[in-house]
Amino acid sequence: LNVFVSALGKINPHRRQRLMFMVVSIMQPGALASTIALLFSKNNTSSDDDDVEMTNSVAKEDSFTMRDKIEFGLGLSHRFSAEEQSMMIARLLNSVVKEQIYEAEDSGDDEADDDDDDDDIQICVGLIERQGDYKDAREYIKNVLQFLFRHISSKDFLRRLVHAQYSSSNGANSDTMGSDVTSMIDKAFFHSFTDIITFMRRISRKKHNETNPKQKLYLESLSTDLYSTLAKINAALSTPSFLTIAGELLQHNDVLVRKTALSLFIEKIDDLNGKFTEEEAVMFLDMLGPIKELLSSQPKKTEIQDYQIGIYTLDILVGAFGNEYSQRFKVFQTLLCRLLETKVCQNSVALINCTHVSLGKMCDTFGPSALPVLPKLMPSLLNCLDKYSSITSEIINNFTDSERDLLDTSLKALTLVVGRLPKFSTPYINKMLVFLLT
């Protein structure tokens, strides 16, 4: 592959794609990603130094610029199926994650989950040799991300992707073939998501410890490029594929992966702008199953973040589907009220905050049908606010982040309840006034 890629600059432009398509087609899976990786690697032009007999006319022909390479890569990729292009994206992102962007830096992430090392995702020629030059690695990452941003947005790729997903969901192929194609695409994008998020975590740590302004600016730019790629993939996915991937990401061992998946989940619902088909609504509501199972179990101190993410996901679904499918959420009022009474919740500011707000949102969304929540929610809320009565401005200025969060979220939940159910809040009016007026 490297021999062919190195020679591309000397081949007539109209023959390049056809030649490389034939070469890549007869090779093992992963050859497409390896070709693109070699295309953007500086070492693929090293053989030019040995060509001492190259004439001036040939040298002029060897003007294969980065823009030409990106256009060539796009044209070559578009000749392949949606699943092959999806796997190419995953393999390229996997190669990016393993690059060393700092001198003497360990490639990859020391806390990356071993289960993510999938042989199908590895680039078939292994990592491109950088000879210890992290600047070459940075250039490679920049070029690959620039190529992927263009590729994921390209009409040719999106047309193939939509066709593959539509054909699979409507049974145009045989059941086995259709499910295999969808499974391969979903698997590729799942790995793409996890690799980008893992790399973003690594960059975030570097940025936190970086003192050089130029280096910090580079890391911020790289982080922006990675998130833009993530957003492009998110926008390209059909709802069934997205939910399959989001469901797995929300169960990931890494908390950052789960939090990022939650952000993408919010973005996806915002993009749909309330225009859900019946089938899409059912698929979104199917996510309530794992949340119900989680909230039905006895909470453990080690699972607080799992509960938080589960409750945040529930809040998103309540906001999107609560008015039309209120009965599907009724059981969660009971489960959250039961959670409020547990010691784990009462001893965790973060968990009690999100539980209060979630129940407040249910009161706001469901109105009088959420009245059974008040006898559990209001005493808990007012109990949290009691400690803030009769405090001075000096004490307020010295609040810890935890104390400030508890006050802010308690007031937010109280506002939701009183704003939607004012007449039913009268039993608690004395305590509310005592707090508000002191």
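Is asparagine 353 buried, exposed or partly exposed in this structure? Before I answer, please keep in mind that this is a predicted model, in which local features need pLDDT of at least 70, side-chain atom pairs count only at pLDDT 80 or more, and totals for chains, interfaces and linings use all residues. Residues are numbered from 1 along each chain as its sequence is written, and side-chain values use heavy atoms, with hydrogens and water left out.

Asparagine 353 is buried, with a relative accessible area of 7%, where buried means under 20%, exposed over 50%, and partly exposed in between, using a 1.4 Å probe and protein chains only. Asparagine 353 sits in helix H18, residues 349-366, helices being DSSP runs of H or I with at least four residues, numbered from the N terminus. Setting aside neighbours within four places in sequence, asparagine 353 is in contact (heavy atoms within 4.5 Å) with Asp405, Leu406 and Thr409.

Turning to the cysteines, if a disulfide is a pair of cysteine sulfur atoms within 2.5 Å, the count comes to 0 disulfides. Cysteine 337 is in no disulfide, and the nearest cysteine sulfur, that of cysteine 363, is 8.3 Å away; cysteine 337 is buried, at a relative accessible area of 7%. Cysteine 354 is likewise in no disulfide, the nearest cysteine sulfur being that of cysteine 345, 7.3 Å away, and cysteine 354 counts as buried at 4% relative accessibility.

Finally, a residue from another helix: isoleucine 429 lies in helix H22, residues 429-437, and is partly exposed, with a relative accessible area of 38%.

Definitions and conventions: Helix = DSSP H or I, 4+ residues; strand = E, 2+ residues; numbered from the N terminus.
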